[in-house]
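Here are a few notes from going through the side-chain contacts. Have a look at the model first, then read on.

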Amino acid sequence: MIIFLYGQDSYRSKQKLEEIILYYKESGKSGLNLIALDAKDITFSDFYDHFKTVSMFAEKKLVILKNVFTN
């Protein structure tokens, strides 16, 4: 699932992101697959490497990519 949070109302976007993270932490057991990245600081290959890695746990990954539309 891909969720885009964007727009001029950054306060509500941050609130929704915090809700998503909280739900993920409550439903996940270890929380090791929570990854936050900034698109300004990484390349696409770095971003893609986070998807290729396989976790030892059978948890879903939550990858947060900030500042995607700045470039």
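1. Start with Phe44: at a relative accessible area of 62%, its side chain counts as exposed, because the cut-off for that class is over 50%. Keep in mind that this is a predicted model.

2. With Tyr48 it makes a stacked aromatic pair, 6.2 Å centre to centre and 20 degrees between the planes. Tyr48 itself is partly exposed, at 44% relative accessible area.

3. The whole structure has 2 aromatic pairs. In the one between Phe44 and Phe47, the ring centres sit 6.1 Å apart with the planes at 50 degrees, so this pair is tilted. Both residues belong to helix 2 (residues 44–52), 3 residues apart, or about one turn. Taken together, ring pairs tie Phe44, Phe47 and Tyr48 into a cluster.

4. On to charges: how many salt bridges does the structure hold? There are 2. One joins the side chains of Glu19 and Lys16, at 3.6 Å from N to O. These two residues are both in helix 1 (residues 10–27), spaced 3 residues apart, about one turn of the helix. Glu19 is partly exposed at 48% relative accessibility, and Lys16 is partly exposed too, at 40%.

5. Asp9 and Arg12 also meet through their side chains in a salt bridge, at 3.2 Å from N to O. Here Asp9 is partly exposed, with a relative accessible area of 36%, whereas Arg12 counts as exposed at 58%.

Note on methods
Residues are numbered from 1 along each chain as its sequence is written. This is a predicted model: local features need pLDDT of at least 70, side-chain atom pairs count only at pLDDT 80 or more; totals for chains, interfaces and linings use all residues. Side-chain values use heavy atoms; hydrogens and water are left out. A salt bridge is a side-chain nitrogen of Lys or Arg within 4 Å of a carboxyl oxygen of Asp or Glu. Buried means under 20% relative accessible area, exposed over 50%, partly exposed in between (1.4 Å probe, protein chains only). Helices (H or I, at least four residues) and strands (E, at least two) are DSSP runs, numbered from the N terminus. Rings of Phe, Tyr and Trp (its six-membered ring) pair if their centres lie within 6.5 Å; planes under 30 degrees apart count as stacked, over 60 as edge-to-face and the rest as tilted.
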